[in-house]
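Here is a short report for a reader meeting this structure for the first time. Please look over the sequence and the model before reading on.

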Amino acid sequence: MAVELTEVNVSEKSKTTKKAQQEQEAADHEQAEHVAWRSARIVHTCGRCGGTGYFMYSNSGLWRNMQGRIVMHAFTPGVCDACWGSGDADRPWTDLRKLEQEHSEALAAASVEDLARAAGVKYESMRAATTSIADVLEQSMTPEALKAKGRPIGFRELTRHLATVIRNAIAARASE
Ligand SMILES: [Zn+2]
């Protein structure tokens, strides 16, 4: 009885192993086909990633890892920032850095519009006031002003950030 069970287990195990092996082979095959598909379409191989579409970034030159997180490894794999994943120097895919920049600018422009709407005025008529607010914020960060009593923790950081947000919003709105 014990022998039979063992044999069944061995047989089950070998089935499982075989299945895992087949799945791995299928995955490898799919990967190889994908690489072949890409390679066939690359005319001018990207010099930065050698046509793979991926690049190992050192922390100092990090773009971003695949999950969008910055991790503390010496090298982090990320999408190549020369061809943006296509592997072809002449036919790059979507420039993620540019896309993110455009997204940030659109958000900044929308935020200043929103501020104007909340104040019940048109942005155009509030532009000078917006610039003036950024000036006041920056003036409140002088060494003398920061020494003033009653400044809560985070005042300096938040003030600097707010001034930057407003300046970026004005610049984004102006470039539309
Ligand atoms: Zn590349």
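**The chain as a whole**

The model is predicted. Its protein chain holds five helices and two strands. Read from the N terminus, the elements run α-β-β-α-α-α-α. The chain has 176 residues, and buried residues make up 12% of them. Take the contacts with a separation of 6 or more: residues 24 or more positions apart account for 53% of these.

**Helix α2**

Helix α2 covers residues 96-119. It has 24 residues. From first C-alpha to last, α2 reaches 34 Å, close to the 34 Å expected at 1.5 Å a residue. The buried residues of α2 are Ala108, Ala109 and Val112. Their cover includes α3 and α5. Just after α2 comes Gly120, with a positive phi of about 75°.

**Two helix pairs**

Two packed helices are described by the angle between their axes and the distance between the axes.

| Pair | Angle between axes | Distance between axes |
|---|---|---|
| α2 and α3 | roughly 100° | within 10 Å |
| α3 and α5 | about 150° | 9 Å |

Start with α2 and α3, the latter spanning residues 123-139. Their axes cross at roughly 100°, and the two helices are therefore roughly perpendicular to each other. On the α2 side, the contact is made by Val112, Glu113, Ala116 and Ala119. On the α3 side, Tyr123, Met126 and Thr130 take part. By type, the residues of this contact divide into five nonpolar, one polar and one charged. Val112 is also one of the buried residues of α2.

Now take α3 and α5, where α5 spans residues 155-174. Their angle is about 150°, so α3 and α5 are roughly antiparallel to each other. The crossing is left-handed. From α3, the residues that meet α5 are Tyr123, Thr130, Thr131, Ile133, Ala134, Leu137 and Glu138. From α5, they are Thr159, Leu162, Ala163, Ile166, Arg167, Ile170 and Arg173. The residues of this contact divide into eight nonpolar, three polar and three charged.

Thr76 sits in strand β2, residues 75-79. Is Thr76 buried or exposed? Thr76 counts as buried because it has 20 C-beta neighbours inside 10 Å. Ser58 lies 18 residues away from Thr76 in sequence. In space, their C-alpha atoms are 6.3 Å apart.

Trp84 belongs to the loop between β2 and α2. With 21 other C-beta atoms within 10 Å, Trp84 is buried. Its phi is near 55°, a positive value in a residue other than glycine.

Ser140 is found in the loop between α3 and α4, the latter at 143-147. Ser140 is partly exposed, since 16 other C-beta atoms lie within 10 Å. Which residues are in contact with Ser140, leaving aside its neighbours within four places in sequence? They are Ala145 and Thr159. Ser140 and Arg156 are 16 residues apart in sequence, and their C-alpha atoms are 8.5 Å apart in space.

Conventions:
Residues are numbered from 1 along each chain as its sequence is written. This is a predicted model: local features need pLDDT of at least 70, side-chain atom pairs count only at pLDDT 80 or more; totals for chains, interfaces and linings use all residues. Axes are lines fitted to C-alpha atoms, for helices over the stretch in contact, and angles run from 0 to 180 degrees between N-to-C directions. Helices (H or I, at least four residues) and strands (E, at least two) are DSSP runs, numbered from the N terminus. Angles under 35 degrees count as roughly parallel, over 145 as roughly antiparallel, 65 to 115 as roughly perpendicular and the rest as oblique. Two residues are in contact if their C-beta atoms, placed from the backbone, lie within 7 Å. Ala, Val, Leu, Ile, Met, Phe, Trp, Tyr, Cys and Pro count as nonpolar, Asp, Glu, Lys and Arg as charged, and the others, Gly among them, as polar. A crossing is left-handed if the near helix is turned anticlockwise from the far one by less than a right angle, and right-handed if clockwise. The expected span of a helix is 1.5 Å times one less than its number of residues.
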